[in-house]
Amino acid sequence: MFVKTTTWLFVLIVHFWEQNVFVTCNKQFNILYLMADDLRPTLGCYSDPVVKSPNIDQLASVSKVFHNAYAQQAVCAPSRVSFLTSRRPDTTKLYDFNSYWRVHAGNYTTLPQYFKSNGYTTLSVGKVFHPGIASNHSDDYPYSWSVPTYHPPSFKYEKGKVCKNKDGTLHTNLLCAVNVSEMPLGTLPDMENTAEAIRLLESMKQSSTLFFLAVGFYKPHVPFRIPKEYLKLYPIESLSIVPDPDVPKKLPSVAYNPWTDLRRREDVQALNLSFPYGPIPKDFQLQIRQHYFASVSYMDTQVGKVLNALDDLGLSSNTIVVFSSDHGWSLGEHGEWAKYSNFDVATRVPLIVFKPGVTSPLPPPGEKTFPFIDVFQNTQERFGKGQGVESMVELVDVFPTLSNLAGLRPLRRCPPRSFNMELCTEGSNLAHLIRNPERYPSREGYSFSQYPRPSDSIQENSDLPDLADIRIMGYSIRSLDYRYTLWVGFDPGQCLHNMTDLHAGELYILAEDPGQDNNVFNELEHGAVLHKLGMERSWPDSLKHHVMYFSNSFKSNVVL
């Protein structure tokens, strides 16, 4: 009897082990953080009906997929410094590209720095921090990285005259699909990034230390310098422009971004567009959309190659994978292009988190988790959408979440003023949403974004004003039901807002207006909404203050 009992117990344990019922609590995990540049959630796993992204979709099918993730400022350097320090722009004091947070604001510990201090080898490829002054011309080495960041040699040609027109002449165009063999060095930056990432994975396979590898792809950032064959995935005749291509009638001028970076490209200059609204001719709009979608598929191919290498090296069973972007990109909505605004199309990002044995069972021996998928051969492949999370989350949440998932000491919550605190978080730990199914979306959750402007009127520098030129800050709050934005006075010398100096406001009721085209801010019957938002106590103090100030002016009109 005893022998039979122990035999069956052994069989039962083996069965449960194979089904991943038992999880080793002290198992340590590597981190692979994959970042796209200027990527909105135009992906199959986010129900986009056009874009072909099979490798990212495959990752999503075994991951937690956050459907309402938002950046804290829709421009590269401020967003990246924000989520890599888990501090909001008002704490990093970086709203442009022209200061280094450790000098200008505080000596804040970064996400890779925290892992490095816990014994990880930290490695960076491509665009992780924004290069230049914003990362001390060193990508924050040696604080954040064990070795200097790899930058692909071919990137120095990214802004050069390498885009061939029909007549064979070379230009600095927006639309820049190329024959790769004709490019300087015969390659492109993201191809080099992929090769270097795979080389580093191979080297870390032989190492006894854990690794934190961040790979920053440059696409779909402009210019759209990509292999020309990817355009074939998106025939122009199959595409359409957005349903809301016009500037909304009730959009405050201060809220509009005039997409000046596009206007500087030679092919856009040739259109002789009026400033600030344009509009871009419909045939050229379709070409922009075609090139953006093709850039996403090109970037997806690079992601697939890195994930396939992770599998081939036997590292996918003990590596947490994160895929995200720094912010979104407008594709003609509201008559706008590029980023530089507080709308969803500019602030919403993909956020996908994979933890082996947690977000999905480990595969049987010999079966791969991330086999490479050729987008040209498997365009009909469809995957499950993974485990979706609908609650509002933010990119400042990534730092505390990854630390928790890796078993590191939890980060403490930052106090209202934390300039002298090196290590704390202004985000939230989302690990519980990754380990457990979401029962229902939190209707009390919010995300917070902001964007600076130099004036109420639209200027050449409205998209990206230098700190000294900022006079107005747009603070925006997104819930499942509303987007609410206040444009208030701002003192660039002190980096302080003046909530008594209200310039404009926006309120969009998403059940009626999912595209955020009808601003009802000045309709007083919506005062109850503002009052409810103003009384929410879970907000960051700096944001709660300005909402409560404005909502007080509505109290005489509110029926509770």
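Q: What does Arg80 form a salt bridge with?
A: In this predicted model, Arg80 forms a salt bridge with Asp326, and the closest N and O atoms sit 3.1 Å apart.

Q: Where in the chain are those two?
A: They link distant parts of the chain, 246 residues apart. Arg80 is in helix H3 (residues 76-85), while Asp326 is in the loop between strand S9 (319-325) and strand S10 (330-331).

Q: Is that pair buried or exposed?
A: Arg80 is buried, and Asp326 is buried too.

Q: OK, switching over to Lys161. Which residue does Lys161 pair with?
A: Glu266, with the closest N and O atoms 2.6 Å apart in that salt bridge.

Q: What about Glu182, which side chain does Glu182 meet?
A: Lys164, in a salt bridge at 3.2 Å, N to O. Lys164 is in strand S4 and Glu182 in the loop between strand S6 (175-178) and helix H7 (189-205), so the parts tied together are 18 residues apart in sequence. Glu182 counts as partly exposed, at 47% relative accessibility.

Q: Back to Arg80: which residues are joined with Arg80 into one network?
A: Asp37, Lys127 and Asp326, through salt bridges that share partners.

Q: Last one: how many salt bridges does the structure hold?
A: There are 17 salt bridges.

Key: Residues are numbered from 1 along each chain as its sequence is written. This is a predicted model: local features need pLDDT of at least 70, side-chain atom pairs count only at pLDDT 80 or more; totals for chains, interfaces and linings use all residues. Side-chain values use heavy atoms; hydrogens and water are left out. A salt bridge is a side-chain nitrogen of Lys or Arg within 4 Å of a carboxyl oxygen of Asp or Glu. Helices (H or I, at least four residues) and strands (E, at least two) are DSSP runs, numbered from the N terminus. Buried means under 20% relative accessible area, exposed over 50%, partly exposed in between (1.4 Å probe, protein chains only).
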